[in-house]
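Morning, everyone. Let me put the structure up, and then we will go through its sheets.

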Amino acid sequence: MVTPNTPSSYELPSNFLWGFATASFQIEGSTDAGGRGKSIWDDFSKIPGKTLDGRDGDVATDSYNRWQEDLDLLVSYGVKSYRFSLAWSRIIPLGGRDDPISEEGIKFYSDFIDALLAKGITPFVTLYHWDLPQTLHDRYLGWLNKTEIVQDYVRYARVCFERFGDRVKHWLTMNEPWCISILGYGRGVFAPGRSSDRLRSPEGDSSTEPWIAGHSVILSHAYAVRAYREEFKQKQGGEIGVTLNGDWAMPYDDSPANIEAAQHALDVAIGWFADPIYLGSYPAYMKEMLGDRLPSFTEEEWSVVKGSSDFYGMNTYTTNLCKAGGEDEFQGNVEYTFTRPDGTQLGTQAHCAWLQDYPEGFRDLLNYLYKRYRKPIYVTENGFAVKDEDKKPVEEALHDDDRVQYYRGVTDSLIKAVNEDGVDVRAYFAWSLLDNFEWADGYVTRFGVTYVDYKTQKRYAKDSGNFIAKDHVQQEEKDAPPTPVKNAKEV
Ligand code: GBH
């Protein structure tokens with residue numbers, strides 16, 4: 001039995017990995033320590049109005065200093081893997097291909113990786129989770145300059161493969177290219193905050209820049225994967241791929257226009273990146289919507305892009321009901337709602353407006369991705385922010401029923417997708433190991449299975465932290481055939 005709500009015969013592959021995920025800028029703090037260079041989030045998070053509570057990432061959860069404690073948490077939750085990201089500007093403070101490497105930065109991550117492995121925890125390492133070295137933005141506008149950024153990113157990736165690849169066997173090149181491009185260069189809500197909206201940003205062009213940034217992200221990913229496969233894979237034996245965000249899109253009703261709208265939503269959120277990377281072409285709708293604003297790849301580039309991911313890294317949080325007729329290109333000119341035609345809500349509302357709990361959608365998305373892209377799936381992020389958790393006293397916040405409910409729903413969906421639908425899912429990482437710097441939401445929105453008291457930095461396990469261990473990891477261990485007893489005293 002793997003979960004209380006699925007038939008007892010249902011199983012997951014014996015090497016299935018349960019874990020938790022985080023990202024460097026959201027947890028590390030210590031932005032000046034160890035020779036770290038600035039990232040684009042350092043200053044951006046300090047501009048008044050950019051975060052909900054006006055707070056920045058200078059301390060975050062202080063994990064640069066408290067990594068041992070975080071590791072103990074992972075162990076206490078009984079999981080066997082951890083997804084985290086490397087801060088590019090800790091490893092190459094100025095970021096560029098001719099800039100010096102920081103041995104202190106390397107050592108920080110190297111020691112952490114050793115400590116994980118010593119506890120039997122498998123690292124999944126994200127190379128880029130949004131903290132671009134500030135210098136690369138100042139020099140040439142970062143992701144807007146394809147020729148420069150591809151070379152700088154590939155050099156950074158190579159340094160990571162060289163220094164950590166003897167121990168890291170699961171690499172994620174980019175976290176959520178859609179967010180990097182649209183939120184950073186279109187809506188301007190994430191660093192570097194560019195947008196056509198002059199109330200928001202002094203410069204930027206939301207009609208062209210997001211698509212240019214996305215193009216550079218795809219190419220940087222693809223050339224880094226080529227470097228890994230040609231220079232490291234044989235010796236190191238790891239795998240590498242990309243992680244895409246994307247929520248399930250359900251037609252608002254059964255009108256043909258809304259059915260089509262749901263597909264358009266998927267084409268723009270997911271297909272923009274996944275179709276080139278897995279299938280070697282753009283979704284027709286991307287071209288139809290953008291015309292020549294969608295940058296094209298040369299033949300040589302296509303040959304590097306197509307097939308450049310060993311697996312599908314899936315980040316997902318919710319389901320949107322889709323209606324035709326929206327005017328927002330960033331979501332495919334599709335309107336999203338959580339309100340069904342009969343006026344009811346899709347599911348439990350989270351603290352953030354964009355998230356409701358709808359586990360059926362998680363299963364539908366797994367099926368859609370597996371049928372379309374035919375790759376093993378790693379769920380690299382999935383989680384829930386309980387409404388007003390920040391306003392509750394700790395003792396109350398620890399009983400995070402809505403989050404437990406959410407995890408129970410999605411993990412049931414996952415197990416059914418594997419057992420009833422034949423989807424090849426190999427890992428599940430809950431977002432997040434602990435409450436942390438939630439980007440534009442500051443510290444108001446809490447996604448952690450561990451409560452962080454930001455005054456003392458003390459960590460407290462929420463009910464959800466133990467849910468995965470109790471309902472899944474330990475269950476599977478109980479169901480597994482008995483292993484020989486190692487300690488003679490126990491016999
Ligand atoms: C993840 O993105 C991130 O990878 C992670 O760092 C973050 O902490 C986590 O989500 C929780 O938020 O209304 O225009 O602002 C999830 C994908 C896509 C979800 C954008 C929020 C809001 C769009 N995100 N979406 S907007």
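Which residue in β8 is the bridge partner of Ala249? It is Asn320. Before I go on, some ground rules. This is a predicted model, where local features need pLDDT of at least 70, side-chain atom pairs count only at pLDDT 80 or more, and totals for chains, interfaces and linings use all residues. Residues are numbered from 1 along each chain as its sequence is written, and side-chain values use heavy atoms, with hydrogens and water left out.

Now the terms. Helices (H or I, at least four residues) and strands (E, at least two) are DSSP runs, numbered from the N terminus. Two strands pair if DSSP finds at least two bridges between them.

Back to that bridge. β6 pairs with strand β8, residues 319-324, in the parallel sense, over four bridges. Both belong to an open sheet of three strands, ordered β6-β8-β9, with mixed pairing. At the edges sit β6 (248-251) and β9 (334-337), each pairing on one side only. On average, neighbouring strands here are turned by 45° against each other, direction ignored. For angles, axes are lines fitted to C-alpha atoms, for helices over the stretch in contact, and values run from 0 to 180 degrees between N-to-C directions. Contact means heavy atoms within 4.5 Å. Helix α11, residues 256-279, lies across β6, β8 and β9. It runs at about 125° to β8.

Next, the barrel. Eight strands close it, in the order β1-β2-β3-β4-β5-β7-β10-β11, and the pairing is parallel. Neighbouring strands are turned by 25° against each other on average, direction ignored.

Take β3 (residues 122-128) and β4 (residues 170-175). Three bridges join them. Val125 has Trp171 in β4 as its bridge partner. Helix α9, residues 209-231, packs on this sheet and touches β4 and β5. Its direction makes about 165° with that of β4.

Now look at β7, residues 312-315. Which way do its side chains go? Tyr312 and Met314 point one way, Gly313 and Asn315 the other. All are buried (under 20% relative accessible area, 1.4 Å probe, protein chains only).

β7 has parallel partners. With β5 (residues 239-245) it pairs over four bridges, and Val242 has Tyr312 as its bridge partner. With β10 (residues 377-381) it also pairs over four bridges. Finally, helix α14, residues 359-373, lies across β7, β10 and β11 (425-431). Its angle to β7 is about 155°.

Technical notes
Buried means under 20% relative accessible area, exposed over 50%, partly exposed in between (1.4 Å probe, protein chains only).
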